[in-house]
Amino acid sequence: MSWTEQYDARSCVLLRLGDRRFALAADQVSELVAPSRLFRFAHRTPEIDGVILRRGRVVPVCDVAEKLIGKRLSSRRFYLISTRRLGATSDWIALPVSGDCELIQADLTPAGPSDSPHVAAWLSHDGEVIEVLNLNALTPGMEPQNSANGNPVLAEAQA
Amino acid sequence: MRFEPVHKTPAVRTEQIILFRSSNQVFAISSSSVQEVRSVDSLAGAAMEIDEPAVPKVHHMLRRGERNVYVVNSATHFGLRPSPAALIFLLRKTRVALLIDGIEKMTTMTRLQALSGAFCHEERVWYRGLTVLDQNVIPVVNPLGFLTEQELLVLDAAAGTLIEAEAANAQEMGITP
């Protein structure tokens with residue numbers, strides 16, 4: 001049973017993309033950093049803008065705003081460095097965000113069969129219903145994973 | 001009295017690399033992968049033109065003994081803007097010669113970082129990984145990633161026709177090769 005099937009309180013990080021807010025499970029977030037130099041080199045993965053250097057590691061930058069709000073971010077205030085896990089492997093990916101991030105505790109509702117693959121769950125905060133993101137479905141190079149009822153779940157939450 | 005240190009620091013593995021430019025971007029290649037560096041001019045008479053639409057990054061080939069060596073334009077290969085190439089790397093253990101703009105410098109890398117899984121297209125074949133030099137991220141090219149087996153087959157077929165036509169032409173004109 002994955003945690004998205006439970007209705008308990010979880011720590012999540014709220015992030016802002018343009019006018020909308022989304023959430024990411026807090027245990028998938030490594031840190032929030034100010035934009036640093038973006039290194040670009042030839043490649044063929046359109047979702048990746050380039051890479052940044054963080055603590056000696058090369059971290060790819062993936063602007064997920066186009067998929068989530070339909071346009072790329074005009075201004076990047078921070079990079080939210082997140083961890084993606086698939087089986088035993090994990091890697092970092094930097095998500096540009098356009099505003100401050102907030103750590104909250106919230107009750108999660110599992111995603112339904114009709115929800116988009118990038119939705120891992122839902123939460124309610126300040127009268128707003130917010131999508132909890134499934135990073136594996138949203139970023140390239142990782143196959144989305146499905147729970148027993150066919151809905152995507154967060155990779156690290158699998159029992 | 002002196003004690004020998006219990007832990008010896010393991011020797012850092014280093015690799016000699018050549019930094020080269022292609023269309024204003026810098027790439028690295030292991031020095032051990034490069035057999036020869038030649039100027040484009042020095043190969044002007046030796047190169048044969050080859051035009052195979054399926055492999056647009058190759059326009060010339062060289063005959064080295066019985067082998068065909070194909071000249072890959074690095075800018076076209078990496079999808080970059082065409083730029084005036086000045087040098088050719090003849091690569092070891094492949095039938096590829098790489099057309100580049102110029103050499104930046106030779107240096108040493110101590111760490112090669114695997115390409116993140118987020119890069120999931122041709123770049124996984126193009127590069128062995130990434131290295132950080134002077135706070136710059138440089139892709140380290142894979143010398144075996146310039147032409148696929150399929151592309152080599154297509155080029156060999158085109159080259160065979162070309163060589164036969166040239167031989168027939170030479171015979172007609174009474175020239176002995």
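A:Val61 is in contact (C-beta atoms, placed from the backbone, within 7 Å) with A:Leu38, A:Ile48, A:Asp49, A:Gly50, A:Val51, A:Ile52, A:Tyr79, A:Ala94 and A:Pro96, leaving out residues up to four places away in sequence. The model is predicted: local features need pLDDT of at least 70 and side-chain atom pairs pLDDT 80 or more, while totals for chains, interfaces and linings use all residues. Residues are numbered from 1 along each chain as its sequence is written, and chains are lettered from A and ligands numbered from 1 in the order in which they are written.

A:Val61 counts as buried because it has 23 C-beta neighbours inside 10 Å; the cut-off for buried is 20 or more other C-beta atoms within 10 Å, with 12 or fewer for exposed and partly exposed in between. Its C-alpha atom is 8.9 Å from that of A:Ile81, 20 residues apart along the chain.

| Strand | Residues |
|---|---|
| β5 of chain A, with A:Val61 | 57-62 |
| β1 of chain B | 15-22 |
| β2 of chain B | 25-30 |

In chain B, β1 and β2 pair (at least two DSSP bridges) in the antiparallel sense over 6 bridges. B:Phe20 has B:Phe27 in β2(B) as its bridge partner. The hairpin has 2 residues between the strands, and B:Ser23 takes a positive phi near 50°.

Between the chains, 18 residues of chain A are in contact with 18 residues of chain B.

Note on methods. Helix = DSSP H or I, 4+ residues; strand = E, 2+ residues; numbered from the N terminus. Contact = placed C-beta atoms within 7 Å.
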